[in-house]
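Please keep the coordinates open while reading.

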Amino acid sequence: MTTVEVPEYRVVDSIELPASKTAVIVVDMQNDFVKPEGKLYVPTAQATVEPIRRLLDRARSAGARIFYTQDTHYDNDPEYGIWGEHVRYGTWGWEIIDELKPQPGDIVIVKTRYDGFYGTPLDDLLRVFGIEYTVIVGTVANICVLHTAASAALRWYKVVVPINGISALNDFDLHAALRQIDFLYKGTIVRTTDGIVFK
Ligand code: ZN
């Protein structure tokens, strides 16, 4: 076992974003990940629900676009070999949690891998709506959040991630993801969802 320190990453207290050019992407906030009875429970995810809900309220009133990704697997899905069965299509665990239920006008992107862009219309829709900024929240920080943030950055969208809007299975994974988003993808790490101001 080697113990390492997480390299520093930049954190800002607040950021202003133009609502008309911003999309909030809520990653995989589904029962299987967020609820204790779920098949791939992330215990710290529940604490992000309220900060995400407040962010969505303000984003909707400001007129920002809201996207959700919904991780989705089918019979004999190869991901079951890695993680066990989870978010099987049509089950309770697959559904997005009630507290963050998508509203009319929100867009739900069904995805089959970690990356919200892979094999989905997400990039096309962001372009159609003239989006330049993506605010990415949800779970799991170093898996689907990181892959989606990376994929957004590779397409030159600006990436913003609030720390209290993401969750991981342990602190190392959380900080490693934030470090990558800052260092590699030049995203902006904001301390809390309340620090994101829509104008
Ligand atoms: Zn999955």
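A salt bridge here is a side-chain nitrogen of Lys or Arg within 4 Å of a carboxyl oxygen of Asp or Glu. By that criterion R155 forms a salt bridge with D123, with the closest N and O atoms 3.8 Å apart. The model is predicted, so that local features need pLDDT of at least 70 and side-chain atom pairs count only at pLDDT 80 or more, while totals for chains, interfaces and linings use all residues. Residues are numbered from 1 along each chain as its sequence is written, and side-chain values use heavy atoms, with hydrogens and water left out.

**Terms for location and exposure**

- Helices (H or I, at least four residues) and strands (E, at least two) are DSSP runs, numbered from the N terminus.
- Buried stands for under 20% relative accessible area, exposed for over 50%, and partly exposed for what lies in between (1.4 Å probe, protein chains only).

- The structure holds 17 salt bridges, and as a general point, side chains of opposite charge can pair when their charged atoms come close.
- In the salt bridge of R155 with D123, R155 sits in the loop between α5 (141-154) and β6 (158-162) and D123 in helix α4, so that the pair links distant parts of the chain, 32 residues apart; R155 counts as partly exposed at 29% relative accessibility.
- K21 forms a salt bridge with E132, the closest N and O atoms being 3.8 Å apart, and this pair links the loop between β1 (15-17) and β2, where K21 lies, to the loop between α4 (122-128) and β5 (133-139), where E132 lies, 111 residues apart.
- K21 counts as partly exposed at 36% relative accessibility, and E132 counts as partly exposed at 35%.
- D71 forms a salt bridge with K111, with 3.2 Å between the closest N and O atoms; because D71 lies in strand β3 and K111 in strand β4 (residues 107-111), the pair ties together parts that are 40 residues apart in sequence.
- D71 counts as buried at 2% relative accessibility, and K111 is buried with a relative accessible area of 0%.

**The surroundings of D28**

- D28, D71 and K111 are linked in a network of salt bridges, and D28 itself lies in the loop between β2 (22-27) and α1 (31-34), where it is buried with a relative accessible area of 0%.
- The side chain of D28 makes a polar contact with the side chain of K111 at 2.9 Å, where a polar contact is a pair of N or O atoms within 3.5 Å, of which, within protein, one must be able to donate a hydrogen and the other to accept it, and residues adjacent in sequence count only if both atoms are side-chain atoms.
- The backbone nitrogen of D71 lies 3.5 Å from a polar atom of the side chain of D28.
- Leaving aside residues up to four places away in sequence, D28 touches F33, T69, Q70, D71, K111, T139 and C144, contact being heavy atoms within 4.5 Å.

- I136 touches, among others, I25, V27, V145, A149 and V161, not counting residues up to four places away in sequence.
- Of the 14 residues of α5, 11 are buried, so the helix is largely enclosed by the rest of the structure; among the buried residues are A141, I143, C144, V145 and L146.

**Backbone geometry**

- The peptide bond from T139 to V140 is cis, with omega near 0 degrees, and V140 lies in the loop between β5 and α5.
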